[in-house]
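Here's a quick tour for anyone meeting this structure for the first time. Have a look at it, then read on.

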Amino acid sequence: MTAKQSERAAHADRIGALGARVRFDQVEKQYPGGAANAVDGVSLDIAPGEFVTLLGPSGSGKTTTLMMLAGFETPTAGEIWVDDQAIAAVPPWRRNIGMVFQNYALFPHMTVGENIAFPLKLRGMPRDEVTRRTREALDLVGLPGYEGRYPRQLSGGQQQRIALARALVFNPRVLLMDEPLGALDKQLRERLQLEIKALHDQLGVTIIYVTHDQQEALVMSDRIAVMNLGQIEQIGGPGELYDEPASRFVASFIGESNFLDGRVTGFDDGLGVIEAPGVGMLRAPAHGGCAINSEVALTVRPEKIVFADELNGASANTIDAEIVTVIFVGEMHRYEARLGGGQTIVLKRQHRSGVGRCGRGDRVRLGWHVADGRLV
Ligand SMILES: Nc1ncnc2c1ncn2[C@@H]1O[C@H](COP(=O)(O)OP(=O)(O)OP(=O)(O)O)[C@@H](O)[C@H]1O
Ligand SMILES: [Mg+2]
């Protein structure tokens, strides 16, 4: 057993179980008076102890999905399962699900200790056990001895840590977090991201996390479900979504991407060949949806594009371009280049010695390995 596994096993011994499996089966939610479904046929199978993030733009149904799992909204169709139990008939307080929300504020008139103890008292736990568990929860989030403070005496980051302690204090098997770091500044957010991840490793609780920050999703998640208009557009590991986006929406939502419009003219050894007006013939791995003559986009990440003379060996696309803007971002230069047909692409090059630069107005020949593009 690794150290992490034995730590988890010890924790499991104490609380009787680790994270639960969570399953959404064709779940829909239509709010009264709402035109479209806020959640529209979501199916999702989350393994015990997994960290899954719902990522999507405002209004895509992320919070509604969590609320149905927590029991504060009722699905209009479909079923949600926690382990082997369909939870439709289980009231919220019996679901054993912890929650941390951006605006799920602490009770201002209660001390930190009383805030954390609140869910335990609801469950009728004896006083000395409440005290012990509250202390353990504060240790867990790195704020030992804070029992007597009031929320207004804490920084934003400390308040969210206390909210986390309150969500974890009753050893829930599932933890829901809805934009828990949204109100914090970038540095603090990044630190708490790592802390939450470490806690997840330590406790083995199943976490469903909501954010619309793609960087946060990439850093934290075992898997990311990209939501759009109430549906899951794609689900997969961070690397998979980044490298193999199934749609233009996913490619544009996760990381920066170029899209070169063109028409499919044929297929060649698993590759789709497209003609991009004014640019020429380009090749990229194709997937099921692409038919001859269909209008598609070739998507390629800015960091994959290099000067053509830097391409080594592997099969590549090359294009002529004129640099129209140069921006220094710190660790890299970001160039925008105009292509023959008027389309533009962005490329990023590391800022270090040995990496060639170019300037505005330069005419350059650019390229990327065929395998680094994708037709969507
Ligand atoms: N209580 C409600 N009554 C009616 N419509 C609602 C209600 N809550 C949400 N909606 C609608 O359902 C859709 C999904 O909302 P939801 O809050 O789940 O989105 P979200 O992905 O969490 O967005 P955000 O990133 O802005 O928090 C939206 O169109 C919203 O207007
Ligand atoms: Mg929301």
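This is a predicted model: local features need pLDDT of at least 70, side-chain atom pairs count only at pLDDT 80 or more; totals for chains, interfaces and linings use all residues.

Is the crossing of α3 and α4 left-handed or right-handed? The crossing of α3 and α4 is right-handed, meaning that the near helix is turned clockwise from the far one by less than a right angle.

Residues are numbered from 1 along each chain as its sequence is written, while chains are lettered from A and ligands numbered from 1 in the order in which they are written.

Here are the two helix pairs (helices are DSSP runs of H or I, at least four residues, numbered from the N terminus; axes are lines fitted to C-alpha atoms over the stretch in contact, with angles from 0 to 180 degrees between N-to-C directions).

| Pair | Axes come within | Crossing angle |
|---|---|---|
| α3 (residues 112-122) and α5 (residues 156-168) | 7 Å | roughly 30 degrees |
| α3 and α4 (residues 127-140) | 9 Å | roughly 125 degrees |

So α3 is roughly parallel to α5, whereas α3 and α4 are oblique to each other (under 35 degrees is roughly parallel, over 145 roughly antiparallel, 65 to 115 roughly perpendicular, the rest oblique). α3 also passes α5 in a right-handed crossing.

Now for the domains, whose bounds come from an automatic or database assignment: domain 1 covers 3-96 + 172-243 and domain 2 covers 256-375. Their C-alpha centres lie 36 Å apart.
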